[in-house]
Structure formats: C-alpha cells, structure tokens
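Hello, and thanks for taking a look at this model with me. Below are my notes, as numbered points to read alongside the coordinates.

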Amino acid sequence: MPFHRTWGSLALLALICLFAPNTALAQDELDSGDTAWILISTGLVLFMMIPGLAMFYAGLVRTRNVLSVFMHCFGITALITVIWTLCGYSLAFTANNPFIGDLSKAFLSDITGETLSGSIPELLFFVFQMTFAIITPGLFVGAFAERMKFSAIMWFSGLWCLLVYLPITHMVWGEGGYFSAMGVFDFAGGIVVHITAGTAALVAAILVGKRQGYPEQPMPPHNMTMNLIGTAMLWVGWFGFNGGSALAANGQAAMAVVVTQISPSVAALTWIAIEWFKNGKPSVLGFATGAIAGLAAITPASGWVGPIGAMAIGFVASVVAYWAATWLKQAIGYDDALDVVGVHGFGGLVGTLMVAFFASSTLGGTEEGLDMGAQFGTQAFAAAATAIYTAIVSFILLKIIDVVVGLRVSEEIEIGGLDLGEHGEVGYDL
C-alpha cells in the first residue's frame, strides 16, 4: 500500500475512534424503544379517563344523570390539561424545596422536542404525567355523583389540583421531594392518586350530603353493560398506568404489567366469592368493583413486587374494599355514591402498606435486604400524612366553594336529573 494511503487510512480510523464514543452516547441518550412505550402508555392512561372512567361511572348512576357524569370527566380532562400546561408540571417536577417545585418550566419554558427526561423526550414525560393529574380528580367525582353542581366540581377540581395534587406529587415523585427522600415506595400512584382521591371523596361526600331518598330508596345502576365496558377499558388502560411508570421498555415494566393482570383477577374472584357466600349469587357489579379495587391496590407496588405479592395484595384489597364499601359506609352513614372511598381510598392504602413486605426479595420482590419494618413505617407515615393534608385542604376548599357558588344542585334539579337541569340535554331520548 502506498505510504500516503496508509497514513490516510490511519488518520480516518483515528477520527472514528475519537468521535465514535461521543456519537454512540448521544444516540443512547434518547431510547426509541422507551419513547415508543411511553407514547403508547400515555394514550392508555388518557383512555382510562375518557372514555373508560366516564363509562364506568355513567353506567352506575340513574338514567337522568348519565350525561352529567360524562360531562364531569370530559370537563376535568380539559381543565387539568390547561392547569398542567400553565404551571402544574413545573410545580410538580422542578426542584425547589421538599414540598413544591417552582415556575421555571411554566408554559413549558425551555422545553423543546430535543430536551430529554432520562431516555425519553421531556415533552413526552410532561404529557404522560398530565394524564395522571387528569384522572385523579376524575376518580373522586363518583363519590358525590347525582347531586353536586357542575360549577362546584370544576372549581373544586382545579383548586384541588393546585393545592393537593401538585404538592403531593412533588413530595413523592419530584426531585428532592419530602417523601421521596425518605425512600417511600409509590411506583404509579397509590399515594399520589388513590389515597388523595379517596380522602377527598370521603370529605366531599360528607359535606355535600346524601342523595334525596338515600338509603331508603333503591338506586341501582341504570346500565351494567356500560359499566362493564368501562371496567374493561380501565383494566386494559392500567397496563399503561403501571407499566408506563417504569419510564422505560424494560423488565421492570414487563413485571409491572404482569402483576397488574394478576392482582385484579384475584380481587375480582375474591369479591364475587364473598357475594356468592353471603347472597347466593355472584354479581357482575361485584366482579367489576373487585377488579378495580385490585388494580388500585397493585398500583403503588407494581414496580417492586412479583406474582406472589400481586396475589396477596389483590386478595387483601378485595376483602378490605368490600368491608369499606358495605359495612363501614353504612356504619358511618355517608353517601359515597360510587364507592370511591372503599375501592380507591382503601384499595390504594392496602397496596401502599403491603409493598413494604412484598417488595422484599424473600417474598418474591425486587429489593434485596429490605428492612420491612422500617419500610412499613415509611409507607404508613407517608400515607397518613397525605390523607390528613388532603382532608384538611379539601374541607377548606369545599367550604369556600359552598359560600361562593354553592355545592349542591336544588332539590328540583336533583329530582329531575342533572342532565336536563345542569346541561339542558339528556343522555337518552326515550
């Protein structure tokens, strides 16, 4: 080989060796597989809210209120989207102090398509987390269905997002968050989503008051077919809710999806077994309710537990949720119209506490050498502190809103139906 060609080849090889590591690193920073999975998961979680949760709840109310429930879910979706864009994302996921972020990313400031959050675009992380912020207030509207003003629901949802959801999200998932620094386990929102929503639901159900005729007058679901379709949508969408929370297409996401299938299956079978024993018949509503309780319970644990933990959590969550939705509700006397407190509040609490044990590798989890007692203390403290804070802020907000716009529709509108009285339309033209 001629001398100049030899040196030319060596020079080219040197340049490749010099720049190849940096080039490979730049390519590895954005992972197309992770990005594709979170894109899909984002769609799945939004699908849980509209139309999933909307159909699940709408099927449970009476015919004259079906459209109002859809309106609640769709209205909240739009409202929280705007709040999240204006300031919500920035307050939740920027580092400022242990309790809340700052406004450095308000209006998506300095975030472009090239800005990364881990191995995915930050814009994708922004919209994925937005779907969690959307569905959380969507959950608690079921507690006061059929009697609360649409204006009051919108005011409460918006202010509650700002004053409850954003601080709790920052404390649990944000950089330097208070609970995060303690080492709390909340993979996909047992504390952030279910305990906050369940607590707000309890406070609101008590303050708004019981539906006219409750509990003397029977108020069965008007369309169980719609409810079961909504259940299926929630169940499938939950794969994105939990699996997507790994923020990567990896083994942790795969296990999260596996346990997300196991837990609701065990919970649904447990619920209908209880009904079968007590009432002689397993109900479709019982199966659907048990499944959602199992999904809520596995949410905080899904990234750390294995199949054994998923089965245990699903079983316990179903028993506890059944007790809360039947005996406890009757004993205290509150009208939680669609059992948000029992299913989501207590279901999320069960998973939040039990992950302290089943995350341990000795019980099939992922954590080697986990101090289960210390972790249980951390989980219990975070859950209790969140519930207390949420209850206090929710109570204050509802009292203020009651003075300003009123919480409850008139007796005439409630009897005639919120569809016609609040929106001037009806869900069915019978």
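How many Å should the 19 residues of helix 12 span at 1.5 Å a residue, and how far apart are its end C-alpha atoms?

1. **Helix 12.** The 19 residues should span 27 Å, and the end C-alpha atoms are 25 Å apart, which agrees. The expected span is 1.5 Å times one less than the number of residues. Helices here are DSSP runs of H or I with at least four residues, strands are runs of E with at least two, and both are numbered from the N terminus. Helix 12 is mostly covered, with 15 of its 19 residues buried. Buried means under 20% relative accessible area, exposed means over 50%, and partly exposed lies in between (1.4 Å probe, protein chains only).

2. **Ground rules.** This is a predicted model, in which local features need pLDDT of at least 70 and side-chain atom pairs count only at pLDDT 80 or more, while totals for chains, interfaces and linings use all residues. Residues are numbered from 1 along each chain as its sequence is written, and side-chain values use heavy atoms, with hydrogens and water left out.

3. **R211 and its partners.** The structure holds seven salt bridges, each a side-chain nitrogen of Lys or Arg within 4 Å of a carboxyl oxygen of Asp or Glu. One of them joins R211 to E146, at 3.0 Å from N to O. R211 sits in the loop between helix 7 (190-208) and helix 8 (224-243), and E146 in the loop between helix 4 (122-140) and helix 5 (150-173), so this bridge ties together parts that are 65 residues apart in sequence. R211 also bridges to D335, with the closest N and O atoms 2.9 Å apart. Because D335 lies in the loop between helix 11 (307-332) and helix 12 (340-358), that pair ties together parts 124 residues apart in sequence. Both R211 and E146 are buried, and D335 is buried as well.

4. **K329 and D339.** Another salt bridge links K329 with D339, the closest N and O atoms being 2.7 Å apart. K329 lies in helix 11 and D339 in the loop between helix 11 and helix 12, so the parts tied together are ten residues apart in sequence. K329 is buried, with a relative accessible area of 11%, and D339 counts as buried at 19%. Elsewhere, salt bridges that share partners join R62, E146, R147, R211 and D335 into one network.

5. **Aromatic rings.** Rings of Phe, Tyr and Trp (its six-membered ring) pair if their centres lie within 6.5 Å; planes under 30 degrees apart count as stacked, over 60 as edge-to-face and the rest as tilted. By this rule the count comes to 24 aromatic pairs. W84 and F93 are edge-to-face, at 6.3 Å centre to centre and 75 degrees between the planes, and both are buried. The F140 and F144 rings have centres 6.1 Å apart and planes at 50 degrees, so this pair is tilted. F140 counts as buried at 0% relative accessibility. Ring pairs also link W84, Y89, F93, F125 and F126 into a cluster.

6. **Cysteines.** There are zero disulfides, a disulfide being a pair of cysteine sulfur atoms within 2.5 Å. For C87, the nearest cysteine sulfur is that of C161, 7.9 Å away. C161 counts as buried, at 1% relative accessibility.
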